[in-house]
Amino acid sequence: MHDIRAIRDNPAAFDKGLTSRGLEPLSAELIGLDDARKAAISAAQGAQEKRNALSKEIGAAKKARDEARAQGLMAEVARLKEEAPALDAAADAAGKALAERLSAIPNIPGPDVPEGRDEHDNVEKSRFEGRGLTQEGRQHFELGEAMGLMDFETAAKLSGSRFVVLKGRIARLERALGQFMLDLHTAEHGYTEVVPPLLVRDEAMFGTAQLPKFRDDQFAAVQGSPELAQETGAPNRWLIPTAEVPLTNLVRESILAEDELPLRFTALTPCFRAEAGAAGRDTRGMLRQHQFSKVELVSVTAPERSTEEHERMLACAEAVLKRLDIPFRVVTLCTGDMGFASTKTYDIEAWLPGQKTYREISSCSVCGDFQARRMEARYRPKEGKGVAYVHTLNGSGVAVGRALIAVMENYQNPDGSVTVPSALAPYMGGLTRIEGHR
């Protein structure tokens with residue numbers, strides 16, 4: 001959420017940030033809404049002040065036995081009292097109109113973010129060759145289906161498109177990947193493991209900016225039948241699209257001591273996404289699923305530490321792929337390709353021999369105080385008075401399903417089997433190769 005005071009102080013900088021994202025300037029509209037809000041509040045407060053002043057005059061008139069004046073004043077007070085609810089409602093409506101408009105506007109890119117329109121303008125930051133860029137090989141779903149351990153047809157019968165049933169050793173490999181990532185981030189990177197709720201309320205989704213703009217990309221869960229929920233007023237809850245939502249909201253509506261920062265959380269959870277805008281894209285395989293597992297990283301820092309924390313988070317995510325010896329590259333997303341809440345984002349893209357291209361496997365973003373304002377998450381600095389908003393960061397550490405794809409395609413053998421990476425050996429019970437139908 002943006003601070004209207006900052007927009008008023010420097011409307012040109014705000015508009016420049018929006019236009020770099022390909023949006024129209026909005027400062028004039030927002031300042032106009034803020035002016036209307038202030039005018040409505042002023043009208044309501046002015047009427048109340050006038051009522052208070054007239055009430056005092058009524059006492060003075062009665063004391064002076066000026067009954068006619070007292071009656072006139074009482075009539076005016078009654079009129080103002082009758083008008084008060086409408087004035088208060090107008091002030092509330094003006095405040096709501098401004099808040100709703102602000103909530104639909106994305107974060108402003110940082111000054112070092114490359115300008116561009118889409119993914120073609122992203123800038124490569126670094127590259128890890130690992131075991132080398134194999135140019136030949138089958139795609140993961142070809143390998144998995146040939147083994148009889150990756151079943152999209154049965155999943156479609158159960159749930160529809162964009163689901164999969166994993167079996168046997170491939171199911172174990174996915175479980176091993178998630179456990180390996182959690183152990184790495186907790187034991188070596190200092191993250192605290194969390195098992196969060198998978199169902200969250202509107203306020204949590206608003207806090208991390210999935211709502212209101214991306215409502216159509218989410219899965220809602222209704223208690224009982226939709227008809228019963230409407231009749232009883234039972235609240236809707238949302239299946240989390242990422243553990244970023246519950247982990248970041250752990251600090252909502254709180255004031256932290258600076259000594260508590262940074263906070264670092266990690267979780268392995270299922271994630272649920274409607275993929276409303278993905279029709280026709282990645283329809284084969286596991287790359288774009290309605291349900292998938294992901295290890296999430298979330299940090300909460302003081303503002304002056306967030307840039308440093310962003311680089312640290314990226315290194316933690318990179319470490320997963322380096323341990324697995326998966327080739328990857330890191331790109332800095334341009335202004336036109338960044339996420340809604342981000343002020344700067346790095347994507348890690350793993351090499352997939354089956355597609356002969358790099359595909360995103362992790363996205364690490366710093367959000368500044370954008371989410372903190374939506375959550376009312378603040379801290380009390382050691383120096384100075386008052387409180388300030390924290391900065392939040394989130395990243396994949398990494399997407400487990402996509403890591404499974406990367407392992408299968410990069411470790412495939414000519415006979416269609418898959419060698420288990422050495423980093424996963426402790427989690428696979430001594431299994432070194434995955435072959436068909438087991």
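How many salt bridges does the rule find across the interface of domain 1 and domain 2?

## Basis

This is a predicted model, in which local features need pLDDT of at least 70 and side-chain atom pairs pLDDT 80 or more, while totals for chains, interfaces and linings use all residues. Residues are numbered from 1 along each chain as its sequence is written, and side-chain values use heavy atoms, without hydrogens and water.

## Domains

The protein chain is assigned domain 1 (4-104) and domain 2 (123-434), with bounds from an automatic or database domain assignment. Their C-alpha centres are 44 Å apart. Four residues from domain 1 and 10 residues from domain 2 make the contact (heavy atoms within 4.5 Å).

## Interface

Zero salt bridges are found between domain 1 and domain 2 (a side-chain nitrogen of Lys or Arg within 4 Å of a carboxyl oxygen of Asp or Glu). About 570 Å² is buried between the two domains, 41% of it from carbon and sulfur atoms; buried area is the accessible area (1.4 Å probe) lost on putting two parts together, summed over both.

On the side of domain 1 that touches domain 2, one residue is nonpolar, two are polar and one is charged (Ala, Val, Leu, Ile, Met, Phe, Trp, Tyr, Cys and Pro count as nonpolar, Asp, Glu, Lys and Arg as charged, and the others, Gly among them, as polar).
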